[in-house]
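User: I am new to this structure and would be grateful for a guided reading of its side chains. May I put a few questions to you once it is shown?

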Amino acid sequence: MYMDYATTKAWSYGDFTGIEFLIWGYDVNCQYQPRHKERVGASEYLSFPPGLEDKIYYAIGTFHVHGHKNECYPRHATSFIKGAGVKSAEILESRWSELNHAAPSLRYMTLAHRAEMLDALMNDMNWKTMVNLPDYISKSYDKALEERDEAEDEFDKLDSTTSDEQRAKWASQEAQAHADRLSNVKAMDIYLSKLEAAPPRAQLELDRMEEEQSAGNNVGLTGWIVQGIEIQQQQLRILDEIARHPSPTPPQEIKVAKLKENLIQRFTDLMNKAERLFPDLDFTELSCRPCPWIGGGKVSEPGVVNRHVPLPSQVVSSRVIPGAYQAAKDAEIVLRMGEANDALQGIRTEIGYKSYVYRAQIRPYKGKNRRSRGWDNIKRSDGELRFYQKVYTNALAALRILGAPAEVLAQYKDITKEDLRTVTSVSEPNVRGQSKEKMAWFWSLDVAGDSDGSEHLEECKYICF
């Protein structure tokens, strides 16, 4: 009510005749805007200036909008309002951090003395800002030109792989959204991705099992392949546990022995199911490829940890393999895609967690004890990150061996060390600074490739365009 009174009375003192639009900035405009006109219309004391009611852009400053929900970004950020200039976001909040240096002295002052000192400090900062404005604007202009050139280069790469039909369609949708946003701010949702997240392995497993049961054919095949994939992941877990303790204590050795014992039992169950699913196949005659993790790591562990899992991706093709086993390739391709999706999600989660630990548990503290706890969390997260990378690498190798379709392989690329660097912005899709930061491919797909045959590539290019 108070904001309604303040805005309508303030606007009543101005002359808005002939204006094209009014940008009204408020930190919570996403909550304030939906019923603003309704409240003003229902009041006998409040009213909009003539013609202004349908010309108001409800904006949220870029300092605050990045902390809102994803949809608030295109709907209310000034970056998406034509005619709005964006330079320093909200300058008032940025001053507060500069006052932190005076906090130790201000803390012991009386209320009146503290108020006078704060006024003096703010006046001093405002004076320095005014005096340094010409130099600041000059440097900002040069920086803006450099960033514009870089942005144009990136856009040219995007535009070069965009068809004329896509370009015309997206430009038309953008123009329509901006034309409709004054009456319906949800029109700006075209800047949000409409694709669902890549399905996890559990969802793909459920879909395959339902197909098998409804068709009454190869029932149990999906569960068998999933069990084989989980055995491979357990082998990796055991190898990581061994690598973490090169000189293990007796309790650590007992823990590894129990893990191996469980793995042997799972292998036995896997082979019993295989004999029921493929009665005509002699698994002792199959030639298997080496385990992907043999020879590349520091640990060489004989026995069950490096035992071959007789999945289609691990078996060298032979004429003795029956048709039913060959048909299992299609099921494994789908499930390996789910495994890769889960591994990528794990990688993203661990990178985001490491970013949080650096920001919240290491950088703010100088004491050894507090920082040591943070470094322990980083070490644990690094271990999980390496595990998910190995799982993803194994899944990608299996997809390539199985001959997955080209559009599937185009979604999954090799992960480099640079891709796994800690980035503080990756956990939030609407975080500030993304226009200047180049993310790893698994955060946003490679825009240099052709998007005609890939829905995900086309959607990403559509959002960026």
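User: Is Phe80 buried or exposed?
Analyst: This is a predicted model, and the answer rests on the computed accessible area. A residue counts as buried under 20% relative accessible area. Phe80 has a value of 16%, so Phe80 is buried.

User: Which kind of aromatic pair do Phe80 and Tyr191 form?
Analyst: A pair of aromatic rings is described by the distance of the centres and the angle of the planes. For Phe80 and Tyr191 the centres are 4.9 Å apart and the planes stand at 65 degrees. Planes over 60 degrees apart count as edge-to-face. The pair of Phe80 and Tyr191 is therefore edge-to-face.

User: How many residues apart are Phe80 and Tyr191?
Analyst: Phe80 belongs to the loop between helix H5 (72-76) and helix H6 (91-99). Tyr191 belongs to the loop between helix H10 (164-180) and helix H11 (201-215). The pair thus links distant parts of the chain, and its two residues are separated by 111 residues.

User: Is Tyr191 buried or exposed?
Analyst: The limit for a buried residue is under 20% relative accessible area. Tyr191 has 18%, so Tyr191 is buried.

User: Which residue lies over the face of Tyr32?
Analyst: Tyr32 is part of one aromatic cluster, together with Trp11, Trp24, Tyr26 and Phe48. At 4.9 Å from the centre of the Tyr32 ring, the residue over its face is Arg39.

User: Is Gln314 buried or exposed?
Analyst: Gln314 is found in the loop between H13 and H14. A polar contact of 3.1 Å joins its side chain to that of Ser313. Because the relative accessible area of Gln314 is 6%, Gln314 is buried.

User: How far apart in space are Lys186 and Cys72, C-alpha to C-alpha?
Analyst: Lys186 lies in the loop between H10 and H11, and with a relative accessible area of 53% Lys186 is exposed. Lys186 and Cys72 are 114 residues apart in sequence. In space, their C-alpha atoms are separated by 9.4 Å.

Key. Residues numbered from 1 in each chain as written. Predicted model: local features only at pLDDT ≥ 70, side-chain atom pairs only at ≥ 80, totals over all residues. Heavy atoms only, no water. Phe/Tyr/Trp six-rings, centres within 6.5 Å; stacked < 30°, edge-to-face > 60°. Helix = DSSP H or I, 4+ residues; strand = E, 2+ residues; numbered from the N terminus. Buried < 20%, exposed > 50% of the residue type's maximum accessible area, 1.4 Å probe, protein only. Lys NZ or Arg CZ within 6 Å of the ring centre and 35° of its normal. Polar contact = N/O pair within 3.5 Å; in protein donor to acceptor, adjacent residues only side chain to side chain.
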